[in-house]
Amino acid sequence: MPRPCGIDFGTSNSSVGVARGGRATLLPLQDGASSVPTALFFSFEDDTTTFGREAMDRYRMGEGGRLLRSIKTLLGTSLFEEMTQVRSRRYHFSEIVSSFLAFLRTTGEACESAPLEDVVLGRPVFFVDDDETADRTAQQQLEAAAHAAGFRSISFQLEPIAAALDYEQTVAKEEIALVADIGGGTSDFSLVRVGPLLKGKADRRGDILGANGVRVGGTDFDRQLSTATLMPFLGRNSRLKTKGLETPAWYYSDLGTWHRINSLYERKVVTEIRGLLRDSAEPEKIERLLSVLDLRKGHELLGRVEQAKIALSGETETRIDLADVVAGLQLPVARTELETAISAGLQRIEARVAALLVDAGLAASDVGTVFITGGSSGIPAVRTAITRGVPEARVIAGDAFGSVATGLALDAARRYGGT
Ligand SMILES: Nc1ncnc2c1ncn2[C@@H]1O[C@H](COP(=O)(O)OP(=O)(O)OP(=O)(O)O)[C@@H](O)[C@H]1O
Ligand SMILES: [Mg+2]
């Protein structure tokens, strides 16, 4: 019997949930883990494509090949229409997204010993900020990719509504919840009336009091932290001798953006940077940048910055090991530096929560609970930004990497009929 499922196709991580007997279960996709990296690895050694944890493992072991991450970010952008070269083959990005969704489907089917044909896919409130056409295109591209991946019936649910359905499983009395899902690519919010007697209702539209979102997420925080701490060692803001110019800023923003790093390895770009050496007032920094590009270390360095960011959720100070870039350097990074680097994103999060309340015509005191989920909700300053506008509400942290897929599975059972 085919089983309805919910798929949280995340910028950083993905999960698949199914609902059985009214309860949602997340499928243990790889090594028992239900949340797997949204990553593909094209091996140049054995010519295979691997996904999720296996992709990250092969990449980390230093196998020759090409790693792709953050593919969700391309939906709705002009880049999605482009091809990417992997060795002798050119791939369309739609093919890449559908192969990842097919991996989730077939792996989920093996876990569940049942076909997964009917799916509710999560989507952010806005794939693309302030551009309705691009946003609609993004959903259509994702839907087409899901069809190509073998799904038969495909519907969509907003990620923060799905998270609200997960939270509702535990509520004892009716209340209004503010749900905040702060992920790798987007921050999404909803205001939902939840309650033990409401969750069985077939039509919940009247209980959704508002939804809002903004394209701010953990991958931005990685780039911003990298720009502030690591990039100055590689020549960011370093002066050129002539014309009073600085090294071009885009090298550094691309080096801090997962899906742009590869473009810096192109011969044309490397030649251009090499050309700056003579004109640079600090050529040793440009040499370091060239050596990072030469050794193809871009993803690895950004991964170290991400780890430092995550460590700063639990500690007020950490270190980034840069000994291989600058002899002996263990770069200290303080939580306050992270907070400064991501402050614009924090302000946008706070403003979106405030706008959500205003649009819904609600006062802060109407909100009983703030339910937070998504990996980036681990950052204390992010939590503060979410809750500042609703200081009296209690704060409950959900399963950071599972709430959305759990809610999508519950929604799938309701839409397609679950057992
Ligand atoms: N403890 C932590 N503190 C801060 N950030 C964290 C922590 N754990 C994970 N992250 C970050 O959370 C992000 C991933 O979160 P999550 O898996 O919820 O995103 P996603 O669902 O893939 O993305 P999106 O929903 O935006 O498409 C990454 O940027 C990761 O670095
Ligand atoms: Mg998410």
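In which loop is the place of asparagine 237? Asparagine 237 sits in the loop between α5 and α6 (250-255). Helices (H or I, at least four residues) and strands (E, at least two) are DSSP runs, numbered from the N terminus. The model is predicted, so local features need pLDDT of at least 70, side-chain atom pairs count only at pLDDT 80 or more, and totals for chains, interfaces and linings use all residues. Residues are numbered from 1 along each chain as its sequence is written, while chains are lettered from A and ligands numbered from 1 in the order in which they are written.

Most residues other than glycine have a negative phi. Asparagine 237 has a positive phi, near 60 degrees. Aspartate 31 also is not a glycine, and its phi is positive at about 50 degrees. Aspartate 31 lies in the loop between β3 (23-26) and β4 (36-37).

Exposure was judged by counting neighbours. A residue is buried if 20 or more other C-beta atoms lie within 10 Å of its own, exposed if 12 or fewer, and partly exposed in between; C-beta atoms are placed from the backbone. Asparagine 237 counts as partly exposed because it has 13 C-beta neighbours inside 10 Å. Aspartate 31 has 10 such neighbours, so it counts as exposed. Glycine 206 has 9 and therefore counts as exposed. Glycine 206 is in the loop between β13 (187-194) and β14 (208-214). In sequence, glycine 206 and arginine 193 are 13 residues apart; in space, their C-alpha atoms are 8.6 Å apart.

Ligand 1 is surrounded by 24 residues. A residue is near a molecule if its C-beta atom, placed from the backbone, lies within 6 Å of it. The closest are Gly10, Gly183, Gly218, Gly375 and Gly378. The most come from α10, with four residues. Domain 1 (5-173 + 399-416) and domain 2 (219-341) each supply at least three. These domain bounds come from an automatic or database domain assignment.

Two helices also pack together in the model. The axes of α12 (residues 343-360) and α13 (residues 380-387) come within 7 Å and cross at roughly 30 degrees. Axes are lines fitted to C-alpha atoms, for helices over the stretch in contact, and angles run from 0 to 180 degrees between N-to-C directions. Angles under 35 degrees count as roughly parallel. The helices α12 and α13 are therefore roughly parallel to each other.

Notes:
Parallel < 35°, antiparallel > 145°, perpendicular 65-115°, else oblique.
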